[in-house]
Amino acid sequence: MGENQTMVTEFLLLGFLLDPRIQMLLFGLLSLFHVFTLLGNGAILGLISLDSRLHTPMYFFLSHLAVVDITYACNMVPQMLVNLLHPAKPISFAGCMMQTFLCLTCGHSECLLLVVMSYDRYVAICHPLRYSIIVTWRVCITLAITSWTCGSLLALVHVVLILRLPFCGPYEINHFFCEILSVLRLACADTWLNQVVIFAACVFFLVGPLCLVLVSYLHILTAILRIQSGEGRRKAFSTCSSHLCVVGLFFGSAIIMYMAPKSRHPEELQKVLFLFYSFFNPTLNPLIYSLRNAEVKGALRRALCKESHFQ
């Protein structure tokens, strides 16, 4: 590891190879989205912590998802914005590895959190009378800790496997951040073990969780169709449809990025796909949950009413 760090001290992030005027336009657009990401997810965290009606397992997991999205944004977006203003901006080797670690940790943890949230909705709709017995706060905390722990441990495995590789130059990463596949392209050694671990991670953290989510919602759909009350059916559909939107956006873009044949996606197109996967998803998540969730909108109205009454 020490030899590796003496050989390479920094990488150059090439970012988007665009016209300077387009880069400035992209800088303004992404800066706006970055602010929306922080404000939206921060508002969800604030509402959940302040409104006692949202102190339920469903919103407990949603708060963890908001933390993942904020971490995503703070980990990658500032460096990307700097690169748009100053192309080919160098990043230290240690900073690059830390960026890769945080990105992978958030990605793995979000996969598991989405599975946990689908299980929560499955129990709430298919077994409502036993919900408080099955989904206890002890179970919720255990599932959340397990999601973060598994995500960070697998990310650590990826980083350790990268550290064992020699990098002989050129030290130019054709991406806007230290994405793992782009970093591996610079290694001047066989990366078969890294590729095997990445493929195994895709199977267990993308395909596996997606199948579990689909099975859960198949049971949920069956249970919803049996609901006699129109109001109850509408509420169940409203709650679950927001979760399905997030699942579709996240897993769909991630599977295309990491499991589709690479020959079909040139490097510039891969940047756009990853931009959607890691940047626009965190921006859209709070909008999906707030606009399609009556409880969140109610909590926001109550918070605004309290603020106006206080003033």
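Which residues of α6 are buried? The views below take up this point and others. This is a predicted model, in which local features need pLDDT of at least 70, side-chain atom pairs count only at pLDDT 80 or more, and totals for chains, interfaces and linings use all residues. Residues are numbered from 1 along each chain as its sequence is written, and side-chain values use heavy atoms, without hydrogens and water.

**View A. Buried residues of helix α6.** Helices are DSSP runs of H or I with at least four residues, numbered from the N terminus. The buried residues of α6 are Cys140, Ala144, Ser147, Gly151, Leu154, Ala155, His158, Val159, Leu161, Ile162 and Leu163. Buried means under 20% relative accessible area, exposed over 50%, and partly exposed in between (1.4 Å probe, protein chains only).

**View B. Surroundings of His108.** His108 lies in helix α4 (residues 93-126) and counts as buried, at 9% relative accessibility. Leaving aside residues up to four places away in sequence, His108 touches Gly151, Leu154, Ala155, His158, Ala201 and Phe205; contact means heavy atoms within 4.5 Å.

**View C. A nonpolar surface patch.** Phe199, Val203, Phe204, Val207 and Met259 make a nonpolar patch of about 450 Å². Patch residues have over 30% relative accessible area and no salt bridge, with nonpolar side chains (Val, Leu, Ile, Met, Phe, Trp, Tyr) joined within 5 Å. A salt bridge is a side-chain nitrogen of Lys or Arg within 4 Å of a carboxyl oxygen of Asp or Glu. Helix α8 (residues 192-225) gives the most to the patch, with 4 residues. Val207, found in α8, is partly exposed at 31% relative accessible area.

Note on methods. Patches are made of residues with over 30% relative accessible area and no salt bridge: like charges are joined within 9 Å, nonpolar side chains (Val, Leu, Ile, Met, Phe, Trp, Tyr) within 5 Å. Accessible areas come from the Shrake-Rupley method with a 1.4 Å probe; for residues, only the protein chains shown count as cover. Helices (H or I, at least four residues) and strands (E, at least two) are DSSP runs, numbered from the N terminus.
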